[in-house]
Amino acid sequence: MIPSVAGTMMLAFRGSVKRITEPVKNVLKTTRMGSFTSVPLTREDVQDMDFEVPALTTRESLLNRCVSELPKNPALISRNFVYFNDLNEGKNRMLPSMQSLSYDTVNGSTNAACNDGGRFRVLTWNILAQALAVGHDNFVGLPDGTLNWTARRLRILHEILLYDPDVICLQEVDHFNFLNTCLTAIGYRGVFCSKPDSPCIYVVNNNGPDGCALFYRNNKFDLISASSRILEIWRVQSNQVCIFATLRLKETGQQVCVATTHLKARQGALLSTMRNEQGKDVANYVASCGGSSKPLVLCGDFNAVPTEPVIETVKTRLFVESAYAKLFGGEEPPYTTWKVRGDAEYCHTIDYIFHNSFCDIESVLMLPTEEQVGPSRLPNLGYASDHIAIACDVKVPL
């Protein structure tokens, strides 16, 4: 069981947890930026103790379990990777509309780069915190049973395992023990950093605070170091965090840096300004950890459309570019989230994978079409979150 220690990061192995960051600085004497004002109903992460996983199992076994225990209809959304070598060789056409991209001509999702030189696959996904989904996010028109956790956790696990990533970056994780149990059983190791004042802990029947998590494939990487930071806005701690890890590719000895974050939500000029300040802090933190001098992948939910200042701030300060821009002619995909909340429908891009010039992007995972998303939008019985997982294959030249 991972204890709920706000603002510290946990390095988790199967059956044990090691705290590897210093206690949070006592910067704020009152409520932090972005927190709720009601009394917290703090709980521990214990709601998945019924889900038993053998100490040693396989990815295929867990995938089969997900499929067998979920209803057959509707079918789970499945996508493919577009490989840029194929596009360059004319095997595919690069089209501006995802609806027009031919899914039957792209390569499959199996990760052939697991032990192939300086190649690795990164997936990032805001999985939608269960407490927020049922008690806060005000989704409209969801099919019955969409937010049932017993089934939704299987859809989350299926989506992650389906694309066979080497590095997994997740946001809005409020069931870390479930993911850690499943993923460590098939050879991953993970770190988790909770938000210091997570909105989840104010929801009845919550499972503890949400935060960011980073997993890496243990037979592919050695962990050199890992740390976390509570992001600051005008030198005051906010309620958002960032995880940074330096990994060594076992096959080549190359070091790579991976960071993930989840910036402040909501729309408006002030919120955009606050996100920009958080972006500056992310850039400073990543650079201070050595991310500017090594291959770097920075990903997560930035809660900002491509034209917001924070995106340019991160790009210019860290000298990074978007993996997906390589497919969409320098632009981002049209959406990474598609949902209906209250009276409004939201369809835009706010999730990103950035990389520096030490990395080559060999492929990206296509986004689902509007038909695949469905009329009720996300989440639904075929997809677990209101955000869409994005992924890419990275090559670090020798």
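User: What makes β9 a mostly covered strand?

Analyst: In this predicted model, 12 of the 14 residues of β9 are buried, where buried means under 20% relative accessible area, exposed means over 50% and partly exposed lies in between, with a 1.4 Å probe and protein chains only. Because the model is predicted, local features need pLDDT of at least 70 and side-chain atom pairs count only at pLDDT 80 or more, whereas totals for chains, interfaces and linings use all residues. Residues are numbered from 1 along each chain as its sequence is written, and side-chain values use heavy atoms, with hydrogens and water left out.

User: How do you know that β8 and β9 are paired?

Analyst: Two strands pair if DSSP finds at least two bridges between them, and 11 bridges join β8 to β9, residues 236-249, in an antiparallel run. The strands themselves, like the helices, are DSSP runs numbered from the N terminus, with helices being H or I of at least four residues and strands E of at least two. Two of the facing positions can be named: F221 stands opposite L249 in β9, and S225 has T246 of β9 as its bridge partner. In the hairpin of these strands, which has 2 residues between them, W234 takes a positive phi near 50°.

User: What joins β9 to β10?

Analyst: 7 bridges join β9 to β10, and these strands run antiparallel. T246 has C257 in β10 as its bridge partner. The hairpin of β9 and β10 has 5 residues between the strands, and G253 there takes a positive phi near 80°.

User: Why are β8 and β12 said to stand at the edges of the sheet?

Analyst: The open sheet has 6 strands in the order β8-β9-β10-β11-β15-β12, with mixed pairing. β8 (221-233) and β12 (321-322) each have a single partner strand, so one side of each is left without a neighbour in the sheet.

User: Which strands does helix α6 lie across, and at what angle does α6 run to β8?

Analyst: Helix α6, residues 269-288, lies across β8, β9, β10 (255-262) and β11 (296-301), and runs at about 145° to β8. Helix α7, residues 309-318, packs on the sheet as well, touching β11 and β15 (351-355), and its direction makes about 15° with that of β15. Contact here means heavy atoms within 4.5 Å, while axes are lines fitted to C-alpha atoms, for helices over the stretch in contact, with angles running from 0 to 180 degrees between N-to-C directions.

User: Why is α4 called oblique to α5?

Analyst: Helix α4 (residues 149-162) and helix α5 (residues 176-184) pack at an angle of about 45°, with their axes 11 Å apart. That angle makes α4 oblique to α5, because angles under 35 degrees count as roughly parallel, over 145 as roughly antiparallel, 65 to 115 as roughly perpendicular and the rest as oblique. The residues that meet include W149, R153 and I156 in α4, and F178, L179 and C182 in α5.

User: How do you know that the structure has 0 disulfides?

Analyst: A disulfide is a pair of cysteine sulfur atoms within 2.5 Å, and a search of the whole structure finds 0 of them. The sulfur of C66 is 7.5 Å from the closest cysteine sulfur, in C182, which is too far for a bond. For C169 the closest cysteine sulfur, in C299, is 3.5 Å away, again too far for a bond. C66 is buried at a relative accessible area of 1%, and C169 is buried at 0%.

User: Why is A344 called partly exposed?

Analyst: A344 has 26% relative accessibility and therefore counts as partly exposed. A344 lies in strand β14, residues 344-348, and its C-alpha is 9.2 Å from that of V140, although 204 residues separate A344 and V140 in sequence.

User: Where does P74 lie, and what is the peptide bond from N73 to P74?

Analyst: P74 lies in the loop between α1 (59-69) and β3 (81-83), and the peptide bond from N73 to P74 is cis, with omega near -5°. The bond from L378 to P379 is cis too, with omega near -5°, and P379 lies in the loop between α8 (370-373) and β17 (390-395).
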